[in-house]
Amino acid sequence: MPVTVEPCLFVVFGGTGDLMSRKLLPALYHLGERGAVHRDCIIVGVGRSADLSDDDFRRQTQEALREAGLDPGNSQAWCGRCVHYRSIHDGRVEQYRTLKAELEALEREHGLPGNRVFYLALPPQAFPATLTGLGESGLNRSAGWTRVVVEKPFGHDVESARQLNDLVHAYFEERQIYRIDHYLGKETVQNLMVFRFANPIFEALWNRDRVDHVQITVAEDLGIEGRAGYYEQAGALRDMVQNHLSQVLCHIAMEVPAAFDAQSVRDEKAKVMRSLAPVDPRDVVRGQYTRGAVADTGIPGYREEPGVRSNSATETFVAMRLQVENWRWKGVPFYLRTGKRLPRRVSRIFVTFKSAPVSLFQPFTSSLAPNVLAITLQPDEGFDLRFEVKQPGQPLGIGTQQLHFRYADAFSPLPDGYETLLLDILGGDQTLFVRADWVEASWERYHAALDAPPPLEFYEAGTWGPHGADLLLRQDGRAWLPL
Ligand code: BG6
């Protein structure tokens, strides 16, 4: 059912950047095409360049849409009507006052009621000046509603996340702030809640009495894709675990919310973060890839990537053991791992259930495999439930089979996560956005591991990570399940 959102200005700082051309413009265009947003959703790219005209920017926009595989014929009219460019020059507060006047003029021209989204598609070091500029120029107030969207990373540790929260709260109320974690826009991540809370048969098993442990893996075959400047400062723990993997963990571990609304859902996720035991650096393995091959293509080592220091100690892989210290999960380990230049791209959760206390079939088979629920977030999205069956014939033999569900068999291709998130921003629904208390609690949990990082291990590009990651589970008598 298409949702029509109110007419507004959608203002993107970093308007000439990569995120705008690869994700935001295609998503906004597609939303407009399918009638999900008002035709007077006017997009303003804001950048430093003073000599870019509206027409130049529209040409860039069309090029971006073409590259995204969208029809250039239709986009021309859309660009002419909906897309503008304004410069913020050197970004002094006076420039924001000028921008304010320019935005008001655009609102008059398009007959808009003063609803505004300010999207910070910027590197993190630019967040403070932009938020200050918006606040000091009065752009945080208007005749309609105003929302501000902040891309990740939200801080680089607990202290900087608090400072950023303080700054954004100086000018905006929490109900106006949309902190993006694009994993929350993925259909399969959203479905975790539906799967759990619309299917009571699983919910009854979802606890320390029945679950042995949980594994969450987000594996990437890609490297850092030219982002050394950012990645050298971040590393896998900050880039992936503190946000994306922790959000997935919250969906697996959370209690049933009181209602399916932003406050109730985010309350439950914040409770999980507060129940998570601070991560002990001894429960963390850090790895960095060396030269190797992924899908038969030779890959340079991380330290050989342009812009990476030759003695860099940044991790491109991390594995860890976490404990959720609450009534439901006490004693059930959650193992998380993520890495770059692994053999292939796959994000999968395994929930391994406890084995039968006594095996009736001991004389016939040495061991029975535990029941496992595998939830594949991407690609080849779906579920597999593994269980034991009698193999036909005599003598008695037992083997593992699976019940499968694949999204591709039931649904047309899944929408891009950004489309979902943009529609929610425009519609004013914060459920899929990160709340201030969650982000601070999350950084707190990883503080010790970031402060005193364990030694770096090395793994060859195209393998599943360093030996230490296997040892981490072997110490507990477990192993990573094949992906
Ligand atoms: C980003 C990280 O947030 O997520 C990247 O900065 C990572 O390093 C990307 O590659 C992974 O996203 P996805 O949607 O491809 O799994």
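Predicted model: local features only at pLDDT ≥ 70, side-chain atom pairs only at ≥ 80, totals over all residues.
Figure 1. Lys 271 and Glu 268 sit three residues apart in helix α10 (residues 262-275), so about one helical turn separates them. Their side chains pair up in a salt bridge, with 3.2 Å between the closest N and O atoms. How exposed is each partner? Lys 271 is partly exposed because its relative accessibility is 39%. Glu 268, in contrast, has a relative accessibility of 10%, so it counts as buried.

Figure 2. Arg 66 is partly exposed, with a relative accessible area of 41%. Glu 63 is also partly exposed, at 37%.

**Figure 3. A salt bridge between two loops.** Arg 291 and Glu 304 form a salt bridge, with 2.2 Å from N to O. Which parts of the chain does this pair tie together? Arg 291 lies in the loop between β8 (284-290) and β9, and Glu 304 in the loop between β10 and β11 (317-323), so the bridge links parts that are 13 residues apart in sequence. Arg 291 counts as exposed because its relative accessibility is 56%, while Glu 304 is partly exposed at 40%.

Figure 4. Across the whole structure, a search turns up 36 salt bridges.

**Figure 5. Lys 186, a buried lysine without a salt bridge.** Look for Lys 186 in the loop between β6 (177-179) and α7 (187-197). The residue is buried, yet it makes no salt bridge. How far away is the nearest side chain of opposite charge? That side chain belongs to Asp 416, 7.3 Å away, and a salt bridge needs nitrogen and oxygen within 4 Å. What Lys 186 does have is a polar contact of 2.7 Å with the side chain of Gln 378. Leaving aside residues up to four places away in sequence, Lys 186 touches Arg 345, Gln 378 and Gly 417.

Figure 6. Gln 378, the polar partner of Lys 186, is joined to Pro 379 by a cis peptide bond, with omega near -25 degrees. Pro 379 is in the loop between β14 and β15 (382-391). Asp 380 is in the loop between β14 and β15 too, and has a positive phi of about 55 degrees although it is not a glycine. Most residues other than glycine have a negative phi, and most peptide bonds are trans. Asp 380 counts as partly exposed because its relative accessibility is 47%.

**Figure 7. Leu 414 and its contacts.** Leu 414 belongs to the loop between α11 (407-410) and α12 (417-427). Which residues does Leu 414 touch, not counting residues up to four places away in sequence? They are Glu 187, Glu 381 and Tyr 407. Glu 381 is 33 residues from Leu 414 in sequence, but in space the two C-alpha atoms are 9.4 Å apart. With a relative accessibility of 31%, Leu 414 counts as partly exposed.

**Figure 8. A cis peptide bond at Pro 153.** The bond that joins Lys 152 and Pro 153 is cis, with omega about 0 degrees. Pro 153 lies in the loop between β5 (146-150) and α6 (158-171).

**Figure 9. Asp 296, with a positive phi.** Asp 296 is in the loop between β9 (292-294) and β10 (297-299). Phi of Asp 296 is near 65 degrees, a positive value in a residue other than glycine. The relative accessibility of Asp 296 is 81%, so this residue counts as exposed.

**Figure 10. A nonpolar patch on the surface.** Leu 360, Phe 361, Phe 364 and Leu 368 make up this patch, and together they have about 390 Å² of accessible area. One of the four, Leu 368, is in the loop between β13 (346-353) and β14 (372-378). Leu 368 has a relative accessibility of 31%, so it counts as partly exposed.

Definitions and conventions. Residues numbered from 1 in each chain as written. Heavy atoms only, no water. Patch = residues over 30% accessible without salt bridge, like charges linked within 9 Å, V, L, I, M, F, W, Y side chains within 5 Å. Areas by Shrake-Rupley, 256 points an atom, 1.4 Å probe, with all protein chains shown as cover. Helix = DSSP H or I, 4+ residues; strand = E, 2+ residues; numbered from the N terminus. Buried < 20%, exposed > 50% of the residue type's maximum accessible area, 1.4 Å probe, protein only. Lys, Arg positive; Asp, Glu negative; His and termini not counted. Polar contact = N/O pair within 3.5 Å; in protein donor to acceptor, adjacent residues only side chain to side chain. Contact = heavy atoms within 4.5 Å.
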